[in-house]
Amino acid sequence: MENQSINIDNHIARKRFGQNFLENQAIINNILQIIAPNITDHFIEIGPGKGALTEYFIDKVSSLKVIELDKDLANHLKHKYRNKQIIIYQDDALKFDFTKLATTKQKLRIVGNLPYNISTPLLFHLLEHRHIIKDMHFMLQKEVVLRLCAQPKQKNYGRLSVMCNYFCDALMMLDVPPEAFNPQPKVDSAIVRLTIKENIPNKAKDLKLFAHIVKTAFSQRRKIISNTLKTIFTLEDFNKLNINYKSRAEELRVSDYIALANYQYNKRNNK
Ligand code: SAM
């Protein structure tokens, strides 16, 4: 029932919604210090759940909007915060049009203790709305945070690292153990800060082509790059770009992928 209180103590965590509720106050305080909400901020929280973080944003920022898929939890929040300045969308963040939230010229700050099962597609979805985003702070599976922040030649370096690095500066901020949640997840978690780059000095001329080349390269990350990309580039192309054709996908820098994509773009467009 819309706007009607539910007894939140009886809420059984729904696995399909990735519900692991934050309950450790010291960790919550640490997260808030990292995010450092400012009164002028325009905040969006994804997956507020029972409000572990939401509670602290209310009254601290000028605009707060939250997106929660679980109808019971969304209704609980609507009732609990009926007299507060908050807009609650009962919706799927994966399909949500974040750009429609940018009503002022001020860019959005996005936060969330995300459901781990959708974190990668959600990150890609959010990157499509990067023009209206200032920064994002997320609790994610630690392994995903390591991938987001990884550098070439590191074990966790992959497609996600390259794509994220192209658009954002990524920084791991805090380790969070399973005991901080109820129910406890089976994996370690961490907080990542993703700051959208205002200017990308070395741009890919065709983002789709860039994304396609990165995806293809990492489909066989340990193979020699000239083999994996042989339908797109010749050995001569690699030589012209000063990229060792014997490298593996995990050894190339973001700038190498941009160079490959732009070379192919120019070739296609006879430039
Ligand atoms: N923020 C709360 C906390 O820290 O205790 C809850 C975090 S819990 C890990 C993830 C939350 O995201 C749940 O409340 C879940 O219902 C919600 N959720 C799951 N899938 C979602 C989706 N596609 N869109 C929006 N919210 C979603």
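**Notes on the predicted model**

1. The model is predicted. H125 lies in helix 4, which spans residues 119-128. The relative accessibility of H125 is 14%, and because the cut-off for buried is under 20%, H125 counts as buried.

2. Setting aside neighbours within four places in sequence, H125 is in contact with A93, L94, K95, F96 and F98.

3. The sheet is open and is formed by 7 strands, with mixed pairing, in the order 4-3-2-5-6-9-7. At its edges stand strand 4 (87-90) and strand 7 (168-176). Each of these has a single partner strand, so one side of each has no neighbour in the sheet. From one strand to the next, the twist averages 15 degrees.

4. Which strand pairs with strand 7, and in what sense? Strand 9 (residues 189-196) does, in the antiparallel sense, over 8 bridges. Within this pairing, C168 is opposite I196 of strand 9.

5. Helix 1 (residues 25-35) packs on the sheet, where it touches strand 2 (42-46), strand 5 (108-113), strand 6 (133-141), strand 7 and strand 9. The direction of helix 1 makes about 160 degrees with that of strand 7.

6. Helix 4, which holds H125, lies across strand 2, strand 5, strand 6, strand 7 and strand 9. Helix 4 runs at about 175 degrees to strand 6.

Notes. Residues numbered from 1 in each chain as written. Predicted model: local features only at pLDDT ≥ 70, side-chain atom pairs only at ≥ 80, totals over all residues. Heavy atoms only, no water. Helix = DSSP H or I, 4+ residues; strand = E, 2+ residues; numbered from the N terminus. Buried < 20%, exposed > 50% of the residue type's maximum accessible area, 1.4 Å probe, protein only. Contact = heavy atoms within 4.5 Å. Pairing = 2+ DSSP bridges. Axes fitted to C-alpha atoms, helices over the stretch in contact; angles between N-to-C directions.
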